[in-house]
Amino acid sequence: MSENTKICPTCGTRIPATATRCPVCGTAFTAGEGTPQLKPGRFPEVTLSLPLALAMLAFFVALGAGMVYFALSQMNRIAEPTPIPSATPSPSPTLTPTPVTPTPTFTPLPSPTPFIYEVKAGDTCSSIALAFGISVRSLVLLNNLPAACDTLFVGQKLLIPQPTPTPSPQPTGTLSPAEATKQACDRVIYEVKENDTLSSIALNYGVPMDAIRRYNGLVGDQVFFGQKLIIPLCERNPTPGPTPTPTPPPPYPAPSLLLPVDGAVFTLADEAVVLQWASVGELRDNEAYAVTVEDVTADRGRKLVAYVTDTKYIVPNDFRPTESKPHVFRWWVVTVRQTGTDENGNPIWTPAGARSESRTFAWVGVAPAATPTPSP
């Protein structure tokens, strides 16, 4: 293999032995020699293949970029890029069209035109109103008639108003209390007789005059012969019955005695003996406290009973002992209620609660004699 090739002395490329020029560097060979023959006046030419040239170009570009990066990093001039947040698209609001409410146009209703009626013999305001289904008040107001409506004459022209239509109520399962009462009301038609008055008719049927006026649309108390009236029997006054017997209140507890203490002693130095006890509650108009004081030392046993609404009682001085020896008195209290009067007009009292405990006190000293009052 080496006998058929030779090496270029310039670039070292192995070429055929018969080649006169190196295909890589272009060196010319003399015949029979392996050394190149350089042309005078020219430098040796270096020929590179295309892949090798691209590889060398890429190497030098990368080397230059690395050197620039290194130099900048040494000068602290490389800044990290700040991440920019991606903008979130906001949803566009959807406009909802607002419906325009049409303004209602008020259309006035035509007023009903009254028609003319000619008064005939025997006609009254009530009979005319009843015949046309209107109220007497509307007839009086439309024709400027007096409130009593007692000036009608035969041939008189009256304006009759059209009855105002009443809208029918919506059907309901149950009637209202007012409608149920009106529906259940028992009524009769009464024709006014001669010499009848509204008060006599009301008294005869036991119905208030206001109820008769209200049911017939009357503006006064005048009624006329032959007039037909509606008598609402359901408006009758209640029939008086026996007066119910009031239930007596529950009995009161026993009063608690306060003063004087049990066994207290009083002398002439004491101006008065005051007995006190605790209240059992608010008494009624016909109730009181019954205070009983008795002299247990006296031979015949003197005793007094007083009725008071206060919670204290002053023993009168004339109840003092009439002898020098001390006397012992016993006292107690009980709540009472008046249940009537006797033949002399005095109240009759009955116990309304439990009796208190009994206490005693002693009284020493004779009551002073009463000073006689000089006669004029």
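Predicted model: local features only at pLDDT ≥ 70, side-chain atom pairs only at ≥ 80, totals over all residues.
Reader: Which side chain does the side chain of D295 make a polar contact with?
Author: That of H327, at 2.8 Å.

Reader: Noted. Where does D295 sit?
Author: In strand β12, which runs over residues 287-295.

Reader: Is D295 buried or exposed?
Author: Buried. Its relative accessibility is 2%, and the cut-off for buried is under 20%.

Reader: What else does the D295 side chain reach?
Author: The backbone nitrogen of T297, at 3.1 Å. So far, then, the D295 side chain has T297 on the backbone side and H327 on the side-chain side.

Reader: Which residues is D295 in contact with, leaving aside its neighbours within four places?
Author: G301, R302, F319, H327, V328 and F329. H327 is the partner in the polar contact already mentioned.

Reader: How far apart are the C-alpha atoms of D295 and P321?
Author: They are separated by 8.5 Å. Along the chain the two residues are 26 positions apart.

Reader: Buried or exposed?
Author: E294 counts as buried, at 18% relative accessibility. The limit is under 20%.

Reader: And what polar contact does its side chain make?
Author: One with the side chain of R330, at 2.6 Å.

Reader: Which residues does E294 touch, not counting those up to four places away?
Author: R302, K303, V328, F329, R330 and W332. R302, V328 and F329 are also on the list for D295.

Reader: Switching to helices. At what angle do α5 and α6 pack?
Author: About 110°, with the axes 9 Å apart. Helix α5 covers residues 198-205 and helix α6 covers 209-216.

Reader: Parallel or perpendicular?
Author: Roughly perpendicular. That class takes in angles from 65 to 115 degrees, so α5 and α6 fall into it.

Reader: Which residues make the contact?
Author: L198, S199, I201 and A202 from α5. From α6 they are M209, I212 and R213.

Reader: How many of those are nonpolar?
Author: Five are nonpolar. One is polar and one is charged.

Reader: Which residues of α5 are buried?
Author: L198, I201 and A202. These residues cover an arc of only 100° around the axis, so they lie on the same side of α5.

Reader: What covers them?
Author: The cover includes β7 (187-191), α6 and β8 (228-232).

Reader: And which exposed residues are on the face turned away?
Author: L203 and N204.

Reader: What follows α5?
Author: G206, with a positive phi near 70°.

Reader: Now α3. Which residues are buried there?
Author: V136, L139, V140 and N143. Their arc around the axis is only 95°, which puts them on the same side of α3.

Reader: What covers that side?
Author: Helix α2 (125-132), strand β6 and helix α6 are among the elements covering the buried residues of α3. Helix α6 is also part of the cover over α5.

Reader: Is N144 buried or exposed?
Author: Exposed, with a relative accessible area of 72%.

Reader: What about N195? What is its phi?
Author: Near 70°, again a positive value in a residue other than glycine. N195 is in the loop between β7 and α5. N195 counts as exposed, at 72% relative accessibility.

Reader: Backbone again. Is the peptide bond from L259 to P260 cis or trans?
Author: Cis, with omega near -5°. P260 belongs to the loop between β9 (257-259) and β10 (264-266).

Reader: Overall picture, then. How many helices and strands?
Author: Six helices and 17 strands in the protein chain.

Reader: What share of the residues is buried?
Author: 25% of the 376 residues.

Reader: And what share of the contacts comes from residues 24 or more positions apart?
Author: 58% of the contacts with a separation of 6 or more.

Methods: Residues numbered from 1 in each chain as written. Heavy atoms only, no water. Axes fitted to C-alpha atoms, helices over the stretch in contact; angles between N-to-C directions. Helix = DSSP H or I, 4+ residues; strand = E, 2+ residues; numbered from the N terminus. Parallel < 35°, antiparallel > 145°, perpendicular 65-115°, else oblique. Contact = heavy atoms within 4.5 Å. Nonpolar A, V, L, I, M, F, W, Y, C, P; charged D, E, K, R; others polar. Buried < 20%, exposed > 50% of the residue type's maximum accessible area, 1.4 Å probe, protein only. Arc of directions from axis to C-beta. Polar contact = N/O pair within 3.5 Å; in protein donor to acceptor, adjacent residues only side chain to side chain.
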